[in-house]
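User: I would like to learn how to read pockets and surface patches in a protein model. Please take me through an example.

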Amino acid sequence: MKIFLDTADLGQIRRAADAGLIDGVTTNPSLVAKVAENRDVTDMYREICKAVDGPVSLEVVAVDRDTMIAEGRKLAAIHENAVVKVPLTEDGLKACRALVDDGHMVNVTLCFSVSQALLAAKAGATFVSPFVGRIDDISGEGMQLIHHIRQVYDNYGYDTEILAASIRHPMHVVEAMLIGADCCTIPPAVLWQLSRHPLTDQGLDAFLKDWNAAGTAI
Ligand code: E4P
């Protein structure tokens with residue numbers, strides 16, 4: 001499963017990319033707004049694309065098809081790894097089709113149902129982003145959506161990649177892997193949580209205590 005980092009924070013992206021742990025990045029307007037500080041957004045996107053060797057989702061902010069296509073073309077021109085992110089609306093699906101026909105990668109975001117995911121595949125999306133955590137937030141079962149989309153895409157041979165999004169904790173990542181999501185986009189804090197286990201810490205403490213007590217050196 002590909003791991004994407006869900007952030008526009010360049011420091012976090014470099015930290016994870018330098019460790020060789022991520023396959024790409026996803027951003028959205030809210031994540032960009034958190035770190036923008038009046039900086040030129042195109043420059044920021046270029047830096048992010050340079051920092052990671054893999055797809056970087058950059059989202060349009062228009063809501064009508066034609067302006068989405070125009071924005072999408074500008075975003076795609078920033079870097080060869082840029083993926084244009086469009087919302088799962090009628091206009092977003094039409095923009096997806098046009099941008100894919102232009103030869104660009106497209107991530108259709110804000111997916112909350114299997115029927116929406118079906119249309120994203122029909123529109124030729126490279127990725128579809130079902131928002132697991134936001135469904136859980138309203139007492140739904142976010143992972144069930146990933147499971148159902150996997151089943152439908154496999155039944156009919158759609159090659160749109162399922163990008164599990166709105167990830168809140170490590171178990172979301174584990175469940176997405178078990179279901180067979182193609183990718184998971186993970187906030188930096190959750191990425192580092194994946195590496196931790198109390199028995200690892202206890203075990204390491206004990207090893208070092210024993211080693212030091214023996215007074216040995218490498
Ligand atoms: C996906 O690409 C989005 O950036 C993201 O996963 C949204 O998650 P949130 O519900 O934590 O805002």
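User: What volume does the second largest pocket have?

Analyst: Rolling a probe the size of a water molecule over the atoms shows where empty space is left. In this predicted model, the second largest pocket has a volume of about 200 Å³.

User: Which helices each supply at least two residues of its lining?

Analyst: They are α2, α3 (41-51) and α4 (65-78). Helix α4 gives the most, with three residues. Among the residues that line this pocket are P29, V32, V41, Y45, E71, K74 and L75.

User: How many residues of each class are in that lining?

Analyst: Seven are nonpolar and three are charged, with no polar residues.

User: How much space lies in the largest pocket, and which residues lie nearest its centre?

Analyst: The largest pocket holds about 300 Å³ of space. Its lining has 19 residues, and D6, N28, L31, R134 and S166 lie nearest the centre. Helix α2 (residues 29-35) gives the most to this lining, with three residues. By class, the lining of the largest pocket has six nonpolar, eight polar and five charged residues.

User: Now the surface. Which residues make a nonpolar patch there?

Analyst: L204, F207 and L208 make a nonpolar surface patch of about 330 Å². Of these, L208 is found in helix α11 (residues 198-214).

User: Why is L208 called partly exposed?

Analyst: Partly exposed lies between buried, under 20% relative accessible area, and exposed, over 50%. L208 has a relative accessible area of 44%, so L208 counts as partly exposed.

Key:
Residues numbered from 1 in each chain as written. Predicted model: local features only at pLDDT ≥ 70, side-chain atom pairs only at ≥ 80, totals over all residues. Heavy atoms only, no water. 1 Å grid on protein atoms, 1.4 Å probe; cavity = no way out; pocket = protein on both sides within 12 Å on 5 of 7 lines; lining within 4 Å. Points joined across faces, edges and corners; volume = space filled by probe spheres on them. Helix = DSSP H or I, 4+ residues; strand = E, 2+ residues; numbered from the N terminus. Nonpolar A, V, L, I, M, F, W, Y, C, P; charged D, E, K, R; others polar. Patch = residues over 30% accessible without salt bridge, like charges linked within 9 Å, V, L, I, M, F, W, Y side chains within 5 Å. Areas by Shrake-Rupley, 256 points an atom, 1.4 Å probe, with all protein chains shown as cover. Salt bridge = Lys/Arg side-chain N within 4 Å of Asp/Glu carboxyl O. Buried < 20%, exposed > 50% of the residue type's maximum accessible area, 1.4 Å probe, protein only.
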